[in-house]
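These entries record what I looked up in the structure shown below. I begin with a single residue and then turn to its surroundings.

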Amino acid sequence: MEEYDVVVVGAGPAGCTAAYYSSRQGLKTLLVERKKRVGFPVQCGELMPTLELVKKIFKNLPNPEELFIYPENVVEQEINELAVGDSEKIHFTIEMSLCSIDREKFDNYLFRKAKESGAYTMTSTYFSDMKNDGTILLKRRNEEFKVKTKLVIGADGIFSTVAKKNNLSRNEKAYPTLQYTLQNTKLEDDRVYMFFDRMNSPDGFVWLIPKKSRRVNAGLGFPKYAAELTKLKTQLDNFISNHPATKSSLEGAEVEKVTAGWVPVGGPLKKTWSETKEVKVVLIGDAGGFVAAHNGAGVPGALITGKIAGEIAYLNIKEHKSISLYERKWRREVGKPLFNSLKILNMVLPLYQNKEKFEKLLSRVNKKLIEKAFYTEIPWQFHLFPLLKIIL
């Protein structure tokens, strides 16, 4: 039975980053991915913050340039502005430094980095089970085999098998999402759109993210209790065809591809690690709930927690530091922005339940307050939202 210091389950941005930082420190690392083709199908809006924006949001993150300078062939479109609207119109725009990426290329770039740093990799490989002594059961092409490890890093997404097998809680609150990549659009290529459209996305929002060659990612997401895939499609089609602010720019656009998925919006899990005498476990990325709840952004949290896990792996295995250091470190570096994001969502949702009141709020609120919210800062005025629900 082959033995490894670290087994990383899942080769998305979180898992590849963890494998890179673990293996480059000399730990024997295995990265397993259930898909045959890394990064495909894409289940992402493909919108990323620039290094400038990351520094504004994650103020306690050391050396952000290690994670947030992207290869040129990965970046599709530089974006300078965010437009915020409702079911009728755009209310205001905010200057914001973003870019759209080719997510499949980005995932494969990270995968190659992990391999080049010394990580062993296996695709078409399923994590099936694990024992308290560190024995991992894997399945590949109808063949079962075992490996042994000291640390398992769960980067296997919102419905994490690693979390389930180790009695760690999993994400309980999630939004289903549907996205089209449209081609031949006439939308501005340096502006991303976010519509709080009660008619087409109850309690969620619709996004339009420009990519190169007049292509746009158009998607929406809203709560499980309100959604079925057929309903998502109906609502997205209706938005594209009828929204007054953008229908002329999307008229005649063709659907290039369709993707669907789930986004955790409950904030980081209460506990993201476990241990026995023989093996330790940590959860990163979507598996740990590291997603900005108020806008669905998950890749930044995936990259950051992947790096933290890879670094803590060395400290735990070689220097015998407690694995609980992982949780202390992520709380210090990304905890405040992610927990603030969840608070903002919970403050806004009660108003969002009523279309007229929410649209009245958008028309009256100072856009500087909204800008702060997008930077995951909570203006004191947001604490008045419960009162606004009554008086608006």
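Predicted model: local features only at pLDDT ≥ 70, side-chain atom pairs only at ≥ 80, totals over all residues.

**Entry 1: Glu333.** Does Glu333 count as buried or exposed? I looked up the relative accessibility of Glu333 and found 6%; the cut-off for buried is under 20%, so Glu333 counts as buried. I located Glu333 in helix 8. I then listed its contacts, leaving out residues up to four places away in sequence: Glu333 touches Phe58, Asn60, Leu61, Pro62, Ile304 and Ile308. I also checked its side chain for polar contacts and found one with the side chain of Lys329, at 2.4 Å.

**Entry 2: the nonpolar cores.** I next asked which residues touch the most other members of the largest nonpolar core. They are Phe68, Ile153 and Tyr326, in a core of 88 residues. Helix 8, residues 325-352, gives the most to this core, with eleven residues. I recorded a second, separate core of 21 residues, which includes Leu30, Met122, Leu269 and Val279. As background, I noted that nonpolar side chains tend to be buried together in soluble globular proteins. I then looked up the contacts of Tyr326, setting aside neighbours within four places in sequence. The residues in contact with Tyr326 are Thr272, Val282, Leu283, Ile284, Phe290, Thr305, Ile308, Ala309 and Ile312.

**Entry 3: helix 7.** I took up helix 7, which runs over residues 299-319 and has 21 residues. From its first C-alpha to its last, helix 7 reaches 29 Å, close to the 30 Å expected at 1.5 Å a residue. I found 16 of its 21 residues buried, so helix 7 is largely enclosed by the rest of the structure. Just after helix 7, I noted that His320 takes a positive phi of about 60°.

**Entry 4: helix 1.** How many of the residues of helix 1 are buried? I counted eleven of the eleven in residues 13-23, so helix 1 is largely enclosed by the rest of the structure. Among these buried residues I noted Pro13, Gly15, Cys16, Tyr20 and Tyr21. I also looked up what the buried residues of helix 1 pack against: strand 1 (2-9), strand 2 (29-32), helix 3 (103-116), strand 9 (143-154) and helix 7.

**Entry 5: Ser97.** I placed Ser97 in strand 5, residues 90-101. Not counting residues up to four places away in sequence, Ser97 touches Pro49, Thr50, Glu52, Leu53 and Ile79. With Thr50 there is also a polar contact of 2.6 Å between the two side chains. I then looked up the C-alpha separation of Ser97 and Leu31, which lie 66 residues apart along the chain, and found 33 Å.

**Entry 6: the chain as a whole.** I closed with the overall values. The secondary structure comes to eleven helices and 16 strands. The C-alpha atoms fill a box of roughly 60 × 45 × 35 Å along the principal axes. For 392 residues, a compact globule would have a radius of gyration near 21 Å, and the 21 Å I found for the chain agrees with this. I recorded 59% of the 392 residues as buried. Of the contacts between residues at least 6 apart in sequence, 71% join residues at least 24 apart. The accessible surface comes to about 17,500 Å², and 49% of this surface belongs to carbon and sulfur atoms.

Note on methods:
Residues numbered from 1 in each chain as written. Heavy atoms only, no water. Helix = DSSP H or I, 4+ residues; strand = E, 2+ residues; numbered from the N terminus. Expected span 1.5 Å × (residues − 1). Buried < 20%, exposed > 50% of the residue type's maximum accessible area, 1.4 Å probe, protein only. Contact = heavy atoms within 4.5 Å. Polar contact = N/O pair within 3.5 Å; in protein donor to acceptor, adjacent residues only side chain to side chain. Rg over C-alpha atoms; globule rule 2.2 N^0.38 Å. Areas by Shrake-Rupley, 256 points an atom, 1.4 Å probe, with all protein chains shown as cover. Core = buried A, V, L, I, M, F, W, Y, C linked by side-chain atoms within 4.5 Å.
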